[in-house]
Amino acid sequence: MSCLLMNEADAGNANGEIRGVFFENDKPCSLRINVHNAVTGLYFGKTDSDTNGIFVVSNLPNGEYYLITHPADVGVRMPLQWRTENLKIDVTNPQKILRQVDGFAVKTLYPQDGESIDLVKVNDQNQLTFRWNPYDTVAGYEIEIYSTDKTQYYKSGRFDTCSFSFNGIFQDGSRFRKRLYRWELRVFPAGTEWIGTSKPQDLTDTDLGKIHRYEGTYIQMDFPKWYESTIDTMGLIHLLDTGYLIEKELSADQVPSLGPLPGEKQAFLYDPTITFAYSGNPIHFGKNHLNENKFSLFITFHEMGHNFQFGGLPGFAYLLGDEYYEKTAIFFGFSEGLASLASLYITETIDKNDLRPLMKKLVEEENRSMREKFLTALEFYENQKLDRTRMTPDIFDGICIRLGDRYGWHIFPKFFRIFLKNETTDQIYKLAGTDDTKRVTIFVAAFSVAGGDDLRDQFKKWDFPIDDDFFETIRPMIKKCIYKD
C-alpha cells in the first residue's frame with residue numbers, strides 16, 4: 001500500500017489524516033466509511049473508498065478517532081459491521097496508516113432458518129452449537145449470547161475455530177427460560193486494526209405466536225401475540241396514540257398523507273428481518289425494537305417524524321433541496337435533525353403523569369439521554385474550528401434544544417408553519433429558487449420569527465450561510481405565515 005506523507009505546514013495546523021485500503025476476496029472494494037470521535041463517540045464525518053479500495057480521511061483535528069463501515073452486498077444472514085481500534089492523531093503523529101483489511105462476509109450455518117430449537121433442553125450433553133464458514137486471516141472469534149432484556153448474558157473468551165458449543169449456563173448461573181434470546185459473533189482479522197461484529201441473530205422465534213392487531217385511536221400495531229403482556233404493561237398503545245397527536249401538533253396540525261387514504265392510521269409492523277426500524281406506513285419495527293421492559297422511543301418517534309414532515313408538509317422536501325443527503329451536510333442535518341426533534345418534542349412536552357410507571361421512567365430516561373447526546377455534539381462542534389461541512393443531525397438537535405430551552409418549546413409548531421402550502425410560502429420558495437444559502441436563510445428566519453428574536457448572529461457563529469438582504473425581504477412574509485391567526 002502506498003501513501004502520501006503530510007508536509008510540515010499541514011502538521012503545524014494540527015490537522016491529520018487517516019489512510020487505508022479495503023479488499024474483499026483479494027479485490028479492491030468501495031465502501032462507505034464513517035468517522036467517530038473516540039472520546040465522545042460522536043459522528044465526525046464520512047468518506048468512501050474508491051474503486052481501488054483506497055480511502056483518505058483528511059482535516060482531522062488532534063484527537064482520537066475510530067472508523068466504522070458496513071460491507072457492501074455481502075448477501076449473508078449475519079452481515080458484519082466493522083470498526084477500527086482507536087486511532088490517535090496528534091502533532092507527532094499527524095497521519096495514521098491502516099493496513100489492508102481483507103474479507104468481509106461471515107455465513108452462519110446453524111441454527112438454520114426454520115429449525116426448531118428447544119432451548120430449555122440445552123445442557124452439557126445436548127449443547128447448542130454454532131457454526132460458520134471460515135474467515136481468511138482470522139486472529140480469533142468471540143460469541144455473545146443473551147436474553148433480549150440482557151438480564152441473562154454470556155460472553156465466550158477468544159477462540160480460533162469456526163464453531164462454538166454452549167451448554168446453556170449463563171454467567172450468573174441461570175439457564176434458558178421461555179423468552180427471546182440472541183447471539184452475536186465477533187471476528188478479529190489478523191494483521192489489521194479492525195474488529196467485525198455481526199448483527200444480532202435470534203436463536204429461535206418459535207414462541208412468538210401468531211400476529212395480532214393492537215389498535216388505538218390513531219395507530220395500530222401488528223405484532224406477535226407473544227408481546228401482548230409487554231405492550232399492556234407499558235401502556236404502549238396509549239403512548240403511541242398520544243405521541244401521534246403531539247407530532248400532529250408539532251407539524252403545524254398537519255396529518256401525513258400516507259397509504260391509500262390521507263390521514264389513515266399510522267401502522268406499526270413487526271419485521272424480524274431488520275434490527276431496528278424504518279419509516280413509512282407501516283413503520284417496520286425490527287427484532288431489537290421492543291423487548292421486555294424496553295422500547296426504542298427515539299427511533300419510533302424519529303421515523304414517525306419523517307412521515308409527518310415528508311408526508312404532511314408540502315414545503316419540507318423543497319426546502320431540503322434535491323439529493324439533500326449527499327449535497328450538503330446542513331440539509332442532511334435539517335432532514336434527520338428535525339425528525340429527531342419530533343422525539344425530543346414528545347419527551348419534553350408529554351404529560352408524564354398520564355403514562356404507566358414503566359413508560360414514564362423510559363420517557364424520562366430517553367429525554368435525559370437525548371439531551372446529553374445532542375448537547376455534547378453541539379459543544380464538541382463549538383470547541384472545534386467551526387465548519388458547516390461537518391454539520392450533523394446531532395449538532396442540529398443540540399441547536400434545537402438550546403432554542404427550545406431559551407424561547408420555549410412552543411416555538412417549534414410555529415416554526416413548522418413555514419412548510420405549509422399557501423400563497424405566501426409559495427412566494428418565499430419562489431424567491432429562494434435553488435439557492436442553498438437562501439434556503440438556509442429561510443430556516444434561520446423562521447426560527448427567528450417563531451422565537452421573537454433575530455438569530456442571525458448566533459447561526460452565523462455556527463457557520464450557517466445567511467443572505468442578510470434576503471432575510472430582511474422574507475421576514476415580514478414569514479411573520480404572516482407563522483402568526484396567521
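Guide: Gladly! In this predicted model, the structure holds 37 aromatic pairs. Let us stop at one of them, F285 and F295. The centres of these two rings are 5.9 Å apart and their planes stand at 70 degrees; an angle over 60 counts as edge-to-face, so that is the name for this pair. A pair of aromatic rings is described by just those two things, the distance of the centres and the angle of the planes. The partners come from distant parts of the chain: F285 belongs to strand 23 (residues 283-285) and F295 to strand 25 (residues 294-295), ten residues apart. Both F285 and F295 are buried.

R83 lies over the face of Y66, 3.8 Å from the ring centre. In another place, the charged end of K438 sits over the ring of F470, at 5.6 Å from its centre.

From here, let us turn to helix 12, which covers residues 436-451. How far apart should its ends be? With 1.5 Å a residue, its 16 residues should span 22 Å, and the end C-alpha atoms are 23 Å apart, so the two values agree. Helix 12 is mostly covered, with 14 of its 16 residues buried. Just after the helix comes G452, with a positive phi of about 70 degrees.

Two residues other than glycine have a positive phi as well. One is D463, at about 70 degrees, in the loop between helix 13 (456-461) and helix 14 (468-482). The other is N59, with a phi near 55 degrees; you will find N59 in strand 5 (residues 54-61).

Strand 3 (residues 32-37) pairs with strand 4 (residues 43-48) in the antiparallel sense, over five bridges. Within this pairing, N34 stands opposite K46 in strand 4. The two strands form a hairpin with five residues between them, where G41 takes a positive phi near 75 degrees.

S335 is found in helix 7 (residues 329-349), and with a relative accessible area of 0% it falls under the 20% cut-off, so S335 counts as buried. The C-alpha atoms of S335 and F316 are separated by 8.7 Å, although these residues are 19 places apart along the chain. Q220 lies in strand 20 (residues 219-224). Its relative accessible area is 13%, which is also under 20%, so Q220 is buried too. Leaving aside residues up to four places away in sequence, Q220 touches R213, Y214, E215, K265, Q266, A267 and F268.

Finally, let us step back to the whole protein chain. It has 14 helices and 25 strands. Of its 485 residues, 54% are buried. Among contacts between residues at least 6 apart in sequence, 65% join residues at least 24 apart.

Conventions:
Residues are numbered from 1 along each chain as its sequence is written. This is a predicted model: local features need pLDDT of at least 70, side-chain atom pairs count only at pLDDT 80 or more; totals for chains, interfaces and linings use all residues. Side-chain values use heavy atoms; hydrogens and water are left out. Helices (H or I, at least four residues) and strands (E, at least two) are DSSP runs, numbered from the N terminus. The expected span of a helix is 1.5 Å times one less than its number of residues. Buried means under 20% relative accessible area, exposed over 50%, partly exposed in between (1.4 Å probe, protein chains only). Two strands pair if DSSP finds at least two bridges between them. Rings of Phe, Tyr and Trp (its six-membered ring) pair if their centres lie within 6.5 Å; planes under 30 degrees apart count as stacked, over 60 as edge-to-face and the rest as tilted. A charge sits over a ring if NZ of Lys or CZ of Arg is within 6 Å of the ring centre and within 35 degrees of the ring normal. Contact means heavy atoms within 4.5 Å.
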